[in-house]
Amino acid sequence: MKRVLLAHGDGGLYAAALIKDLFLRHFSYPELGKLKDAALLSSIDGRLAVTTDSFVVQPPFFPGGDIGKLSVCGTVNDLVAGGAQPLYLTVSFILEEGLPLEELEVIVVSLADTARSCGVEVVAGDTKVVPRGQADKLYITTTGIGRVDPRLALGAEHVRSGDAVILSGPAGDHGIAVLSCRKGVSFQTQVVSDCAPLNELIETISPYFPALRWLRDPTRGGVGATLNELAESAALDVMLEEKLLPVRPEVRAAAELLGLDPLYLPNEGKMILVVEQEAAVAVRAALREHPLGREAEIIGQVERGTGNVWLRTVLGGTRGVEMPAGLPLPRIC
Amino acid sequence: MLSGTELAQAQQLLALIKKKLTGPLSIMEVCGTHTTAISKYGLRPLLEPLRLLSGPGCPVCVTAAVDLDRMIALAGTGAIVATFGDLLRVPGSETSLEQAQAEGADIRIVYSPLDALAIAADNPKRPVVFLGVGFETTAPAMALAVKQARERDLSNFYLYSCLKTVVPALHALLAAPHGLDGLLLPGHVSSVIGRRAQDFVASLYGVPAAVVGFGERDILLGIAAVLRMIEEGTPGVVNAYPHVVREEGNLLAQKLLAEVFDTAAAEWRGFGMIPESGLVLKTEFASHDAALHFDLPHASVLREQDPCRCGDVLRGAISPLDCALFADRCLPLTPLGPCMVSSEGACAAYYRYDRKKGVAPA
Amino acid sequence: MCIGMPCRVIARVGELGTVEYCGNSREINFALVPQAGNGEWVLVHAGLALQLIGEDEAEQLLALLEEFYAERD
């Protein structure tokens, strides 16, 4: 089996071969092939949005995706949540010496395919190799550049009491999919990661952009943490309805098994939308037209308050939804 | 999530209870998983003026400071330390397992002690210690792991046992002045020890109690059963979780526990020493006993933070909301006591779900 | 104090076996509930089956309670 060698990162013949035989074969942007020190982009009309994110997911392959796909989705979704249309991506790999080249290729293909599927060009890249043991297989950093959509005015300052909170699909899939293959807690599950780029989904609701106030992808910390951030920055409360919160039965079951709350599990293909109450039902219907929004639900609303998140339970009780402290750890108590 | 039938039953029970409940009564949920569930289901405000008080059934919360220190010290010995996620962030006198991990300790979160056994088999040259915290529900898995370690000659597998048993704690709780009108008994401990073993709660102390499951419907059923006994003045110990709990419990599990463990006096936070409430490995399993194999600190430098009232919380004397430190100086990231640290600790549950912050919308 | 899950037995092999709970499965130990057969439900905690789960009898308890509460009205 061929493996990544330290020499692949030294800038010499090995490095050139890796670029030519692997990266250039799968990334098609013409600028990239010229192997210049900097990619020159055509001029972009409008304001720019830039975001960067590093991906260290353990394990790199999980049900429903891999670190390559994830590194595109994460950055694309951050641009979308920022009200921008994603255009370009740069990709930086840190590889551990000894990583099988076959595995690297699967990840690169997955990354390239995902970028292509959402219309984003990979325009620049870099590779470094660190000695065995100094990294865990590989890490990927992507930087995304997008054009700010002039039709959108997003931000906590636009959110008003009475606005509806919509979740684009069931919560917690990615968290359970990744936890299921962790050492020590391993179990088999039908749950697959929801990892997906959401630019197209959000584009489908463009007729309702004037009613859209706030967008955020609930990744780490899940829906619970993301809504706490909203409540705090808007200085308003959010009231969720437990019976409306979409969670797949198998995710709920696995979360129970591990002593975790789906509200705090990470998602990689979901968006929380705050929209004017009058448009909520129409936005939900529009989201449901798209395969990635089929199970979208209005999960609650913004209310006057002081920056807290609440949940009305199925029995009609009201309890707080706190900011989580630390990573969700499987527990038995 | 509740099935449709269960939801209907839960609503029916809630209505019954509300109708019957006139004065303030105090019922203790002994088990920490109950505490968390009750808060998470939003039941406390719904059931007012009923006061639901937390009890000693949170294994991490009642673990003595010296035991926490010794478990954290184990992580510094170079051994692989396997444990449940529950323990990772709990602070000892000076540090936590999470800190120790950042400093290079090899800590593995597992779902079962039997997974730790597999780690021992994979790493024959390194000692593997399982940190054994829990009650009768969890103890059988640890007993089985130790027994299998001996059978499979995995001499590098060790258990550090802080295991405790619930019955002596109930005696300690009820023998002292308490002001409790009823108890909700732990359903999963009861699946091992059986309902009958807890009859003394009513027969000896005159306190009505129910063995209770963990869903919304199950908890309301238990409360309704206890309220009925209070109203009738006929204390008993009712099995409100009959599809899981038997009269005699699981005899094989009890036999296994007796085969592997001796009982010994154990220190409980909030209660002090309780006779025969700890489970320690029998001498024939001494070669797997981490307490004997490793050189561990004998005393803790940890002093209970003077104003911390975890002890009162664990005895049901106060609600976390009555503690002046709660949500003020004692917070999830800077906890002053174990009830705020453990994910099923009463203070952590109240902080997450029941804290009065601003005004809850109607 | 202890999270326990009701799981359905799907494949017993000696002391071990696989249980399923709503699309999730895992191998557990059946040393303490050796009589559990495929299709039956068991309570699982920390990788061990602890008890066979019977029919939900809550319905009967509920009926009793209702009767009691009705009498006192």
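Two residues are in contact here if their C-beta atoms, placed from the backbone, lie within 7 Å. The structure is a predicted model. By that contact rule, chain C and chain A touch through 12 residues from chain C and 14 residues from chain A.

**Chain C against chain A**

- On the side of chain C that touches chain A, the most is given by strand E3 (residues 24-29) of chain C, with 3 residues.
- Sorted by class, this side of chain C has 7 nonpolar, 4 polar and 1 charged residues.
- Strand E3(C) is also joined by 2 bridges to strand E8 (residues 188-189) of chain A.
- The strands E8(A) and E3(C) run antiparallel.
- Within this pairing, A:Gln188 stands opposite C:Ser25, a residue of E3(C).

**The two domains of chain A**

- Chain A is assigned domain 1, covering 6-148, and domain 2, covering 156-320.
- Between the C-alpha centres of domain 1 and domain 2 of chain A there are 28 Å.
- The contact of these domains takes 22 residues from domain 1 of chain A and 21 residues from domain 2 of chain A.
- On the side of domain 1 that touches domain 2, the elements giving two or more residues are helix H3 (67-81), strand E4 (84-96) and helix H4 (101-117) of chain A.
- H3(A) supplies the largest share of that side of domain 1, with 10 residues.
- By class, the side of domain 1 of chain A that touches domain 2 of chain A holds 12 nonpolar, 8 polar and 2 charged residues.

**A helix pair in chain B**

- Helix H8 (residues 139-151) and helix H13 (residues 251-260), both of chain B, have axes that come within 9 Å and cross at roughly 55°.
- Angles of 65 to 115 degrees count as roughly perpendicular and those under 35 degrees as roughly parallel; H8(B) and H13(B) are therefore oblique to each other.
- The crossing of H8(B) and H13(B) is left-handed.
- From H8(B), the contact is made by B:Ala139, B:Pro140, B:Ala143, B:Leu144, B:Val146 and B:Lys147.
- From H13(B), the residues in this contact are B:Ala253, B:Leu256, B:Leu257 and B:Val260.
- By class, the contact of H8(B) with H13(B) has 9 nonpolar residues, no polar residues and 1 charged residue.

Methods:
Residues are numbered from 1 along each chain as its sequence is written. Chains are lettered from A and ligands numbered from 1 in the order in which they are written. This is a predicted model: local features need pLDDT of at least 70, side-chain atom pairs count only at pLDDT 80 or more; totals for chains, interfaces and linings use all residues. Axes are lines fitted to C-alpha atoms, for helices over the stretch in contact, and angles run from 0 to 180 degrees between N-to-C directions. Helices (H or I, at least four residues) and strands (E, at least two) are DSSP runs, numbered from the N terminus. Angles under 35 degrees count as roughly parallel, over 145 as roughly antiparallel, 65 to 115 as roughly perpendicular and the rest as oblique. A crossing is left-handed if the near helix is turned anticlockwise from the far one by less than a right angle, and right-handed if clockwise. Ala, Val, Leu, Ile, Met, Phe, Trp, Tyr, Cys and Pro count as nonpolar, Asp, Glu, Lys and Arg as charged, and the others, Gly among them, as polar. Domain bounds come from an automatic or database domain assignment. Two strands pair if DSSP finds at least two bridges between them.
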